[in-house]
Structure formats: structure tokens, C-alpha cells
Number of protein chains: 6
Amino acid sequence: MEAKPVSESAVTMTELVLPSHTNSLQSAFGGVIMSWIDIAAAIAAQRHSSRPVVTASIDALNFIAPVYVGWVVNLRASVNFVSKTSMEVGVRADAENPIEGKTFHIASAYLTFVALDNYGKPMAIRPVSPETDAEKRRFSEAQARRKLRLQSRSTKTRAT
Amino acid sequence: MEAKPVSESAVTMTELVLPSHTNSLQSAFGGVIMSWIDIAAAIAAQRHSSRPVVTASIDALNFIAPVYVGWVVNLRASVNFVSKTSMEVGVRADAENPIEGKTFHIASAYLTFVALDNYGKPMAIRPVSPETDAEKRRFSEAQARRKLRLQSRSTKTRAT
Amino acid sequence: MEAKPVSESAVTMTELVLPSHTNSLQSAFGGVIMSWIDIAAAIAAQRHSSRPVVTASIDALNFIAPVYVGWVVNLRASVNFVSKTSMEVGVRADAENPIEGKTFHIASAYLTFVALDNYGKPMAIRPVSPETDAEKRRFSEAQARRKLRLQSRSTKTRAT
Amino acid sequence: MEAKPVSESAVTMTELVLPSHTNSLQSAFGGVIMSWIDIAAAIAAQRHSSRPVVTASIDALNFIAPVYVGWVVNLRASVNFVSKTSMEVGVRADAENPIEGKTFHIASAYLTFVALDNYGKPMAIRPVSPETDAEKRRFSEAQARRKLRLQSRSTKTRAT
Amino acid sequence: MEAKPVSESAVTMTELVLPSHTNSLQSAFGGVIMSWIDIAAAIAAQRHSSRPVVTASIDALNFIAPVYVGWVVNLRASVNFVSKTSMEVGVRADAENPIEGKTFHIASAYLTFVALDNYGKPMAIRPVSPETDAEKRRFSEAQARRKLRLQSRSTKTRAT
Amino acid sequence: MEAKPVSESAVTMTELVLPSHTNSLQSAFGGVIMSWIDIAAAIAAQRHSSRPVVTASIDALNFIAPVYVGWVVNLRASVNFVSKTSMEVGVRADAENPIEGKTFHIASAYLTFVALDNYGKPMAIRPVSPETDAEKRRFSEAQARRKLRLQSRSTKTRAT
């Protein structure tokens with residue numbers, strides 16, 4: 001399979017924070033931001049692999065700042081790295097107070113996805129070709145993270 | 001007030017068609033597409049005016065092709081023209097079948113928005129400065145549409 | 001196919017404006033009102049044609065007044081006119097402040113729908129028979145709008 | 001306070017059954033039908049009392065037949081009876097298979113509502129005046145049900 | 001079929017009251033509470049019967065106290081009694097103000113469910129075996145309610 | 001402030017997978033599971049601290065198995081550890097195929113929450129007292145994870 005450039009599957013997603021995304025504090029739930037991150041990443045993974053995908057894992061995620069009703073959340077997702085049957089997608093979420101016009105970083109995440117064949121089984125994914133310097137840096141950082149994930153999966157104590 | 005370039009308020013929005021957006025035919029409702037168009041346009045209008053905005057009107061809209069569950073809808077919105085207290089925003093929606101990788105135009109719309117002051121009254125909006133050739137063409141086309149809208153509003157028979 | 005009277009497919013729909021229909025201003029999004037208009041019209045079109053339907057177009061729509069959380073929106077939809085494979089449905093939306101008991105017109109729209117056969121292709125629709133004076137007036141106005149739509153579709157510049 | 005005729009607060013509500021209203025069987029949840037019944041009744045109670053209202057109780061409710069995705073549910077609600085600070089509202093729900101054009105009764109319910117003053121306390125409600133024979137019959141039946149409810153509330157074993 | 005203990009199908013469900021569950025008074029709709037009761041009961045009925053289920057009826061339900069945005073609703077559901085093809089499930093809903101830490105009873109309900117075979121027809125359900133004193137009391141109370149329901153169904157005047 | 005036992009804030013939450021939680025594959029989105037995990041954890045954190053809370057971070061999360069429409073997800077959340085102004089909550093999610101009656105582990109997560117004072121600032125949280133052996137083990141494991149999180153936060157390269 002021929003490699004596909006990172007830019008061909010990159011996703012820009014814009015969400016408006018509505019009352020239904022919040023608790024009584026008027027700030028968006030962490031879980032709502034995670035849902036948007038998952039959808040942005042899933043669209044990039046589908047575009048890269050031309051296959052249905054499922055989320056396999058998400059790395060640790062810090063919520064840097066709260067986001068309020070009426071604000072806008074901008075999400076950018078791109079495929080960082082492809083191993084045989086899984087892809088790492090990086091997502092950066094920024095919030096924007098549309099009245100003050102200020103934008104700030106609220107969360108970043110790395111997710112891995114698996115592409116499924118017609119029987120619902122994981123299948124080989126075409127390679128990704130990083131082209132810009134930032135894409136090349138993310139490619140090698142993702143490769144390093146993949147090693148850490150495989151190590152940690154084999155040593156981790158099960159939760160709860 | 002200083003003019004603001006079109007590109008500073010342009011919006012790219014990506015939506016995934018979910019089962020909850022469809023009727024029993026598995027294709028997205030026209031009304032769902034209209035909702036996404038309204039939100040993309042409202043975000044652009046808010047960014048341009050740095051004020052809360054309300055939708056004043058939407059021009060005629062044709063649905064060129066159906067969109068199915070699992071597909072992606074890409075929306076691009078930008079402020080075409082500003083009169084004293086209203087803005088025209090143009091939105092183009094394209095659908096993408098992520099498995100076949102094909103993209104096609106599904107709908108385009110022109111909406112007008114009003115920006116509100118602290119008492120909820122319409123207020124003056126900063127001018128918009130078109131910079132590219134496409135932006136300049138849209139600016140003059142929007143000016144022409146505004147004249148037609150004002151005419152048609154004064155002659156139109158009330159509905160139903 | 002025998003003609004069906006307008007009254008047999010007319011729809012009355014009532015919606016309560018909830019916090020999830022609004023932005024931070026507490027007034028309902030334009031896109032939410034458009035969604036309700038589309039659903040009311042689609043039900044009328046389905047009732048008339050006894051077939052699944054899809055929205056083909058919506059004419060220009062002005063939002064005459066804002067609607068707030070806790071208010072009620074009343075929608076009335078009826079089939080105005082049937083050409084060979086498309087129907088025009090007119091919808092009138094009125095809002096009601098249930099505490100003050102006042103009702104006022106907020107928007108009106110004309111939508112066209114296509115009925116689908118078992119292969120998802122447009123099919124011939126039974127004629128509609130207007131019976132009251134208002135129904136007859138709407139029938140001939142809809143016929144005139146259809147001509148304008150066909151003209152405008154052939155001369156219109158594509159959006160965005 | 002002057003009595004208000006039943007017809008002035010009567011509600012007609014139409015809902016389309018969407019995939020998000022169903023479980024995996026494709027039929028609408030009982031709880032979704034109950035929600036629509038509650039909203040139709042609450043709008044009638046608000047219209048009658050010109051006050052915010054809260055649901056105090058709902059009588060026994062049988063689901064006579066299932067309703068499927070793509071079908072339409074028609075709800076009619078009207079105020080049957082007013083005691084000093086509570087109203088009984090009757091709701092009848094019918095389903096319609098839009099392709100076959102058949103309509104059948106799916107559920108009926110009696111709900112009681114309380115109207116609230118500006119401090120959130122129950123307040124006196126204007127009387128209702130039944131005008132047609134059916135309205136008069138419902139008025140006296142509702143009076144009888146009210147007696148039974150007051151009796152049963154004083155003797156009932158608490159649930160679970 | 002072997003009887004199954006009540007405890008094996010008992011359900012504990014916790015819901016957070018969000019802005020989208022409320023009207024403009026900030027208290028949850030009666031219909032939202034009814035939906036949660038229906039889902040908790042349906043899960044218990046499915047667990048007991050190992051079959052898809054549909055709600056057949058819900059007994060009278062009083063809303064004892066309002067519930068506000070940010071509060072938590074705890075629902076406990078268990079199968080009280082099984083007749084040949086229907087189950088009675090009892091649900092108790094308590095609300096919790098998480099800041100004050102107070103919990104209070106808001107509603108209780110008895111629902112009946114039918115289990116469906118592969119053709120969508122009602123089928124025989126395995127018996128339930130009550131084990132604790134509370135379970136035994138609920139079993140015999142449910143048996144008594146079933147008799148009343150069958151009587152009342154044969155004498156009741158149809159609603160609206 | 002007096003310590004509070006783990007069991008007093010533990011949460012059991014049950015969710016039914018509906019069509020609106022899924023993509024076109026009929027399996028629930030990763031983001032939907034993450035949302036439920038966030039809500040279950042937030043309720044436990046609120047119960048422990050008797051204060052409004054916000055999600056500060058979530059540790060790495062693996063999705064062990066897919067979950068389908070009609071299945072039930074059981075979530076259990078408890079406060080593992082409290083440092084001065086943050087709490088770690090552990091959540092375990094199990095899925096249940098209600099027809100086959102099988103239950104299996106689908107995901108586990110550790111989240112940290114901050115409690116807010118009346119000015120929206122982080123405030124001191126009462127200690128937690130683990131009582132069972134499992135609670136004591138989770139307490140010391142959480143203490144170790146907290147150290148790792150603080151280290152990793154100071155060395156991590158920013159995403160995307």
C-alpha cells in the first residue's frame with residue numbers, strides 16, 4: 001500500500017459550547033471535550049485508512065483551562081504515525097472566547113485507532129508520510145510513545 | 001471601527017452523521033444540515049463582530065445530494081459583506097464518504113446576522129475587508145443580493 | 001392516482017423551547033427553528049404521498065422575532081401544490097409566551113419535497129385538491145413560486 | 001378569577017419517531033412516549049393557568065401498541081378539571097404509520113399539575129369551563145378520579 | 001424454567017440532572033424522571049428474562065419533590081413478581097443535593113413488562129424467587145396489584 | 001476536616017447503549033464511554049468533597065472490547081486518594097450483553113478532580129479514609145501514580 005501524506009487526512013473541527021454540554025457551573029464537562037476529541041481523531045483515522053475505525057486507547061489528558069457556554073472550541077487532528085494495524089492520532093483543542101477574541105490551549109491528546117476489515121477484524125493500514133518538519137517530529141515522538149505504551153501495557157496493574 | 005479581513009473570521013466545521021441525525025432512511029434530515037449551516041455561520045458572524053449574534057434570515061437553499069450515516073460533512077463559512085447593522089455569511093457544505101474518499105457539494109447558503117449590544121438591540125458592525133479575488137467577488141455579489149432581499153421583503157406576500 | 005384534499009395531510013406541531021435549544025442568550029437558535037419547520041413539513045409531505053420523502057429545497061426564510069426558553073412554538077404545515085414528482089409544503093411558525101398568553105408570527109417557509117420509491121428514486125405523487133379559498137390561493141401562489149425556482153436554479157451563481 | 005373554556009388551552013402535538021427514541025428493537029421506549037405526554041400536558045396546563053407548572057402525578061398508563069422508527073405520534077391534551085390549586089390534564093396519543101396511512105390508539109393518560117407563584121409555591125388556579133358534551137363528561141369523570149386519588153394517597157403502601 | 005433470585009437482576013442507576021433535562025424553572029421535567037424510571041426498570045426486566053422487553057404499563061406515580069440542575073438522582077429497580085408472560089418491576093427514585101449531602105425520596109413506580117420471542121410475540125418468563133423479607137413482601141403486594149390492574153382494565157372508561 | 005470513608009461517596013451507574021451513542025458500526029463511540037466515565041467520577045468527587053468539581057486530568061485509557069446497541073454498561077467509581085486540593089477517582093466499566101447474560105471488563109480509568117470554592121478557585125478537600133483491603137491498596141497505588149503524574153507533567157513535550 002502506498003503511503004498517504006499527513007495533510008490529506010488532517011481534520012479541523014469547530015464546536016460551540018451549548019447549555020446541554022455543561023453542568024450547573026456553566027463550564028463544559030471534561031467528558032464532552034473528550035467526546036469531541038474522540039470524534040475529530042476518528043474522522044482523521046477514517047480518512048487515512050479509508051476504513052471504519054474504533055478507538056483502542058487514549059493517552060493521559062490534562063484539562064488546562066475551563067470552557068464556558070457560548071465559547072467556541074477548535075480541534076485539529078492529524079495522523080502522527082502508523083504501525084502495522086494501528087494509528088496514533090494527535091488532537092489539539094483550543095478555546096476561543098468570541099467576545100474578547102482570545103484563544104488559548106485547553107487540552108491535547110494522543111489516541112490510537114484500529115481499522116476494521118469487512119468481518120470486523122483489525123487489518124493492515126497504509127503507511128503515513130510526514131512532510132513538514134512538525135509532522136516529522138510528531139512521527140518520531142509517536143514512535144517513542146508507542147514503545148512506552150507497549151511496555152506499560154505489559155506491566156500495568158488492572159484498575160479498580 | 002477598523003475593517004477586519006474575511007480570513008480572520010472564517011470557520012471550518014466538520015460533523016459526523018450519526019444515527020440520531022437521520023430518519024428511518026438512514027439519510028440525514030434537511031433540518032439537521034440547516035442547523036449545522038446556522039451554527040457555522042453564527043460562529044463566523046460572532047468572530048467578525050466580537051458580539052453575540054442572532055440569525056435574521058437565510059436565503060433559498062437546495063439540497064443537491066443525500067448524506068448517509070457514517071459520512072462526514074465539511075462546512076466552510078465566511079463573512080461576505082457587512083452593511084450598517086447586518087452581516088451576510090456564506091456557507092458551503094460538502095459531504096465525504098470516508099470509505100470511498102469521495103467528496104461532493106451538498107448545499108450552499110447565504111444567511112444574514114445581526115449583532116446585539118448589551119441591551120439586546122442591533123448595533124453597528126465593523127466593516128469587512130475582502131482580500132483575495134474570491135472574497136472580492138463574494139463581497140460584490142452579496143451587495144447585490146442585499147438589494148434583492150430588501151426589495152423582495154417589501155413586495156412579498158406573507159406565507160400560509 | 002386520485003387527488004387528496006389538503007386538509008387530510010395538514011400538520012399541527014407544538015414545541016417547547018428548552019435550554020438545549022438555545023445559545024447563551026437564552027433565545028432559540030435559528031437552526032433549531034429550521035429543524036422544526038423541516039420536520040413539520042416532512043410529516044405533511046409523507047402523509048400526502050404515503051411514501052418516505054426527502055427535502056429538496058427551502059425558500060428564503062426571515063426570522064421575525066426571537067423566541068425564549070420556556071416559550072411554546074406552534075407550527076402548521078400543509079401541502080400547497082404538487083407537480084409531477086415534487087410537493088411544495090408551506091409552514092407557519094408562531095411563538096407563544098405562555099405567561100403573558102401573547103402569540104406572534106416568528107417565521108414562514110416554503111419547502112419542496114420529493115417522494116421516493118422502493119429503490120430510493122423520485123416517483124410520481126398523487127395530486128392535491130385545495131378546497132377552501134385559502135388553500136386555493138396558496139395553490140396558485142405555489143405554482144408561481146415553482147416557476148421562479150426553476151428559472152432561478154438555471155441562472156444562479158453557485159455559492160461560496 | 002374568570003373561568004377559561006377548555007378549548008383555549010387545548011394542545012395538538014406531533015412527534016416523529018427517530019432512531020434516538022428507540023432501543024435496539026426499533027420501537028420507541030415507553031419512557032419516550034411518557035415524556036411527550038408530560039410535555040403536551042404541561043403546555044396545556046401552562047396555557048390554562050398562565051403560570052409555570054410542575055407535574056404532581058400521573059395516573060396508571062397502558063401502552064396498547066408499539067410504535068416504530070419513521071412513524072408519527074399525535075398527542076392531544078386538554079384541561080379536564082381544576083380544583084383549588086391543581087389541574088387534571090387528559091392526554092391521548094395515537095400513532096400513524098405514514099406509509100399505510102393507518103392511525104391507532106397507543107396510550108392515554110391523566111396527569112395533575114400545580115401552578116407556581118413567584119416564590120415557587122402552589123397558587124390558586126382559575127376555573128375551567130367545559131363547553132362541549134365530551135368536555136362536560138371529562139369534567140365530571142375527572143372530579144371522580146380526584147376523589148379516588150385523594151383516598152388512595154392516604155391508604156397506599158410506599159413503593160420499594 | 002428455573003427461578004432466578006431478585007438480587008441477580010436488581011439495577012442501581014445514577015443520573016446527573018443537566019440543563020437539557022429541565023424547563024426554564026431549573027427543575028427536571030416529570031417526563032425526564034419517568035424516562036429514567038422506564039430505563040432502569042427495562043434493564044432489570046431484561047436481566048431477569050434474558051430477552052428484549054417492552055413496557056406494557058406503569059401504575060400511578062406521584063412526584064413528591066422537585067429536583068434541580070446539578071443534583072443527582074439515584075434509581076433502584078427490581079423485579080417484584082412474574083406472571084406467565086409479564087413481570088412487575090418496582091422502581092424507587094431518590095434525589096441528592098450533592099453540596100448539602102441530603103437525600104430524599106422523589107418518586108416510586110410499578111411498571112409491567114413483556115418479554116418478546118424472536119418473532120416479537122410475548123413469551124413465557126422464568127419465575128422470580130424473592131429471598132429477603134422485603135422481597136417477599138413486595139412479591140405478595142405485586143400479586144395483589146396485578147389483580148387490581150386486571151379488574152380495572154376491564155371496567156375503565158377510555159381516556160380523552 | 002474529618003476524613004470520610006471511601007464507601008460513602010462510591011457511585012454505581014448503569015447506562016443502556018442506544019442508537020444515538022453509536023456510529024454506523026453499531027458499537028458505542030470511545031468518546032461516549034469516556035463521557036460516562038467522567039460523569040460517574042465527577043459524582044463520586046462531588047459526594048466526597050460536598051463541592052462543585054471540575055475534571056483536571058484523566059490517565060491513559062484502553063478500550064478492551066467493543067459494546068453494542070442494546071447492551072448495558074455498568075460503571076463503578078470511588079475516590080482512591082486525596083491530596084491537598086485534588087482527588088483521584090478510579091472508574092471501572094463493565095459491559096453486559098443482556099440476552100446472553102455475560103459481563104466483561106471494557107475499560108478502567110483514573111481521573112483527578114479539583115473542588116471549587118465560591119469564587120471558582122481550588123480549595124482544600126477533606127481526607128479520604130480507605131477501610132477495606134482493596135481500598136487501602138488503591139490508596140497507596142494512587143499515591144504512587146500522583147508522583148508519576150507530577151514528574152511527567154514537568155518533563156512532557158506539549159502535544160501537536
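Buried area is the accessible area (1.4 Å probe) that two parts lose on being put together, summed over both. The model is predicted: local features need pLDDT of at least 70, side-chain atom pairs count only at pLDDT 80 or more, and totals for chains, interfaces and linings use all residues. Residues are numbered from 1 along each chain as written, and side-chain values use heavy atoms, without hydrogens or water.

**Exercise 1.** Characterise the interface of chain A and chain E.

Solution. 
- Start with area: about 390 Å² is buried between chain A and chain E, with 77% given by carbon and sulfur atoms.
- Look for salt bridges (a side-chain nitrogen of Lys or Arg within 4 Å of a carboxyl oxygen of Asp or Glu): the count between chain A and chain E is zero.

**Exercise 2.** Find the separation of the chain pairs B and E, and C and F.

Solution. 
- Chain B and chain E do not touch; their nearest C-alpha atoms lie 16 Å apart.
- Chain C and chain F do not touch either, with nearest C-alpha atoms 16 Å apart.

**Exercise 3.** Is helix H1 of chain C buried or exposed?

Solution. 
- Apply the cut-off: buried means under 20% relative accessible area (1.4 Å probe, protein chains only), exposed over 50%, partly exposed in between.
- Count: 20 of the 20 residues of H1(C) are buried, so this helix is largely enclosed by the rest of the structure.
- Step past the helix: C:Ser50 follows H1(C) and has a positive phi, near 55°.

Methods. Chains are lettered from A and ligands numbered from 1 in the order in which they are written. Helices (H or I, at least four residues) and strands (E, at least two) are DSSP runs, numbered from the N terminus. Contact means heavy atoms within 4.5 Å.
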